[in-house]
Amino acid sequence: MKTRPIGARAAHHAGVTWQQEFEAAAAARPADPDWTRGAHLQSALAASLQRFQVGEAGDGANLIGKADRAGDPGYAAAVRLFVAEEQNHARMLGLLLDAGGVPLIGSHWSDAVFVALRRSLGLRTELMVLMVAEVIALRYYRALRDGAPDPLVREVSGRILADEERHVPFHVDRLRAGFATLPVPARVVVVAGWWVLFCGAAVVVAWDHGPALVATGVRRRGFLRDVVGLVRRVVADVFAVRAPAGAR
Ligand SMILES: [Fe+2]
Ligand SMILES: [Fe+2]
């Protein structure tokens with residue numbers, strides 16, 4: 001599984017659009033877990049989930065506006081469904097925190113910086129910044145799904161993770177097309193900048209959320225190593241020289 005290209009369209013059924021894929025996921029979404037059974041959230045995990053809850057709430061309207069202006073109705077529809085999934089993550093994390101008797105926080109400085117940065121960018125660059133959060137989310141929710149002591153935390157994380165696994169290839173596809181004609185020297189600069197962003201954010205998250213990760217059995221260093229492995233695949237998928245038609 002480790003070598004599977006993360007954004008390969010080959011993984012999709014021929015002719016299935018992202019809009020259809022998001023619609024199918026929405027139609028198949030199960031009813032909410034039973035929140036009344038409560039959750040035991042120890043303090044490090046509670047603080048970590050509070051911050052991820054704010055992050056998931058994000059700034060979808062801004063992204064939808066940019067997608068609308070890109071002039072591709074199918075893509076704009078898929079982006080709306082993508083934003084709805086992120087909103088649903090924020091909603092579920094809110095209810096999870098509630099079930100654990102933990103209040104929500106209104107905002108966090110890291111999210112305010114992230115949203116301000118995204119707003120100032122064009123669609124393609126915003127997707128690159130967004131991808132940083134998506135890749136980190138893949139490893140964060142996997143750690144919680146597999147190692148959190150509380151069953152409700154594991155269940156919610158598993159549901160969110162299943163969506164995040166669709167988000168990364170969705171953005172990869174758009175970025176691959178967006179950078180297809182970029183000359184090689186410019187690609188080198190963009191890739192270098194992206195790596196700096198990825199690594200900077202991964203270190204901040206590993207540091208900031210380290211105690212919560214450790215409580216799931218994932219050490220900071222292991223988390224970072226895993227994120228770097230994913231970044232390598234994402235960057236290769238977006239910028240690799242295109243294989244001949246039908247080769248993937
Ligand atoms: Fe999410
Ligand atoms: Fe996501």
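This note goes through the predicted model point by point, from overall fold to single residues.

1. **Overall make-up.** The protein has ten helices and zero strands. Read from the N terminus, the order of elements is α-α-α-α-α-α-α-α-α-α. The radius of gyration is 18 Å, close to the 18 Å that the globule rule gives for 248 residues, so the protein is as compact as a globular protein of that length.

2. **Extent, burial and contact range.** The C-alpha trace spans about 50 × 40 × 35 Å along its principal axes. Of the 248 residues, 33% are buried. Take the contacts between residues at least 6 apart in sequence: 80% of them join residues at least 24 apart.

3. **α1 against α4.** Helix α1 covers residues 18-28, and its axis comes within 8 Å of the axis of α4. The two axes cross at roughly 30°. An angle under 35 degrees counts as roughly parallel, and α1 and α4 are therefore roughly parallel to each other. The crossing is left-handed. On the α1 side the contact uses W18, Q19, F22, E23 and A26. On the α4 side it uses G74, A77, A78, L81 and F82. By class, that gives seven nonpolar, two polar and one charged residues.

4. **α2 against α4.** Helix α2 runs over residues 43-57. Its axis and that of α4 come within 7 Å and cross at roughly 155°. Angles over 145 degrees count as roughly antiparallel, so α2 and α4 are roughly antiparallel to each other. This crossing, too, is left-handed. From α2 the contact takes L49, Q50, F52, Q53, E56 and A57. From α4 it takes E86, H89, A90, L93, G94, L96 and L97. The contact residues divide into seven nonpolar, four polar and two charged.

5. **α3 against α4.** Helix α3 (residues 60-69) and helix α4 (residues 73-99) have axes that come within 9 Å. They cross at roughly 170°, which makes α3 roughly antiparallel to α4. G60, L63, I64, A67 and D68 make the contact from α3. Their partners on α4 are Y75, A76, V79, R80, V83, E86 and Q87. Seven of the contact residues are nonpolar, two polar and three charged.

6. The α1 contact draws on α4 residues including G74 and F82.

7. **S107, a loop residue.** S107 sits in the loop between α4 and α5 (109-119). Is S107 buried or exposed? S107 has 11 other C-beta atoms within 10 Å, so it is exposed; the cut-off for exposed is 12 or fewer. Leaving out residues up to four places away in sequence, S107 touches V54 and A112.

8. **P169 in α7.** P169 lies in helix α7, residues 151-178. It has 22 C-beta neighbours inside 10 Å and therefore counts as buried, the cut-off being 20 or more. Along the chain, P169 and D237 are 68 residues apart.

9. **V227 in α10.** V227 is found in helix α10. Why is V227 buried? V227 is buried because 23 other C-beta atoms lie within 10 Å. Which residues does V227 contact, leaving aside its neighbours within four places in sequence? They are V135, I136, R139 and A202. V227 and A206 are 21 residues apart in sequence, with 10.0 Å between their C-alpha atoms.

10. Helix α10 covers residues 220-239 and holds V234. V234 is buried, with 26 other C-beta atoms within 10 Å. The C-alpha atoms of V234 and L224 are separated by 15 Å, and the two residues are ten apart along the chain.

Methods
Residues numbered from 1 in each chain as written. Chains lettered and ligands numbered in written order. Predicted model: local features only at pLDDT ≥ 70, side-chain atom pairs only at ≥ 80, totals over all residues. Axes fitted to C-alpha atoms, helices over the stretch in contact; angles between N-to-C directions. Helix = DSSP H or I, 4+ residues; strand = E, 2+ residues; numbered from the N terminus. Parallel < 35°, antiparallel > 145°, perpendicular 65-115°, else oblique. Contact = placed C-beta atoms within 7 Å. Nonpolar A, V, L, I, M, F, W, Y, C, P; charged D, E, K, R; others polar. Rg over C-alpha atoms; globule rule 2.2 N^0.38 Å. Left-handed = near helix turned anticlockwise from the far one by under 90°.
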